[in-house]
Amino acid sequence: MAAAAELSLLEKSLGLSKGNKYSAQGERQIPVLQTNNGPSLTGLTTIAAHLVKQANKEYLLGSTAEEKAIVQQWLEYRVTQVDGHSSKNDIHTLLKDLNSYLEDKVYLTGYNFTLADILLYYGLHRFIIRKLRHTEVGN
């Protein structure tokens, strides 16, 4: 799922009216949001955090200092570990590690749903769909 599509889905899930225009820059197609009242915003997690604040749902960024740090950690994980990995071994290891981490948790930060859960879901969605399609073809 392209970053612009993810950000549009995020807008919708946050209850924001559509209207933001996204573009992409560079070889890695990093998302860019041109704001009406200031400089453009660059990067998936930067734009996503901006949208959360725009929707007045800051609790999605964490409610305690520790939770905010964990949310930020998982947002960085999304960009550095999930995006760009496409080999079956990388994906298998990533999913296995996440499964192990989530074994005793409801959400990535423990018991509270955050932006990290949303963006990690969006990032992993393509791998899960690919795996399901591959499984269906194999049967």
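**View 1. Glu 11 and Asn 20 meet through their side chains.** In this predicted model, the two side chains make a polar contact at 2.6 Å. A polar contact is a pair of N or O atoms within 3.5 Å; within protein, one must be able to donate a hydrogen and the other to accept it, and residues adjacent in sequence count only if both atoms are side-chain atoms. Glu 11 sits in helix H1, residues 3-14. Helices (H or I, at least four residues) and strands (E, at least two) are DSSP runs, numbered from the N terminus. Glu 11 counts as buried because its relative accessibility is 2%. Buried means under 20% relative accessible area, exposed over 50%, and partly exposed in between, with a 1.4 Å probe and protein chains only. Neighbours within four places in sequence aside, Glu 11 is in contact with Leu 16, Ser 17, Lys 18, Gly 19, Asn 20, Tyr 22 and Leu 51. Contact means heavy atoms within 4.5 Å.

**View 2. Leu 51 belongs to the largest nonpolar core.** A nonpolar core is a set of buried Ala, Val, Leu, Ile, Met, Phe, Trp, Tyr and Cys residues joined through side-chain atoms within 4.5 Å. Two or more residues come from each of H1, helix H2 (44-54), helix H3 (65-82), helix H4 (88-101) and helix H5 (115-138). H5 gives the most, with 8 residues. Leu 51 touches Leu 7, Leu 10, Glu 11, Leu 14, Leu 16, Asn 20 and Tyr 22, not counting residues up to four places away in sequence.

**View 3. Strands E1, E2 and E3 form an open sheet in that order.** The pairing is antiparallel. E1 and E3 stand at the edges with a single partner strand each, so one side of each has no neighbour in the sheet. Two strands pair if DSSP finds at least two bridges between them. E1 (residues 22-25) and E2 (residues 30-33) are joined by 4 bridges. Ala 24 has Pro 31 as its bridge partner, and Gln 25 has Ile 30. The hairpin of E1 and E2 has 4 residues between the strands, and Gly 26 there takes a positive phi near 80°. Leu 33 stands opposite Leu 41 in E3.

**View 4. Helices H1 and H2 meet the strands.** H1 lies across E1 and E2, running at about 150° to E1. H2 packs on the sheet and touches E1, E2 and E3; its direction makes about 35° with that of E2. Axes are lines fitted to C-alpha atoms, for helices over the stretch in contact, and angles run from 0 to 180 degrees between N-to-C directions. The buried residues of H2 include Leu 44, Ile 47, Ala 48 and Leu 51. Just after H2, Asn 56 takes a positive phi of about 55°.

**Notes.** Residues are numbered from 1 along each chain as its sequence is written, and side-chain values use heavy atoms, without hydrogens or water. Local features need pLDDT of at least 70 and side-chain atom pairs count only at pLDDT 80 or more, while totals for chains, interfaces and linings use all residues.
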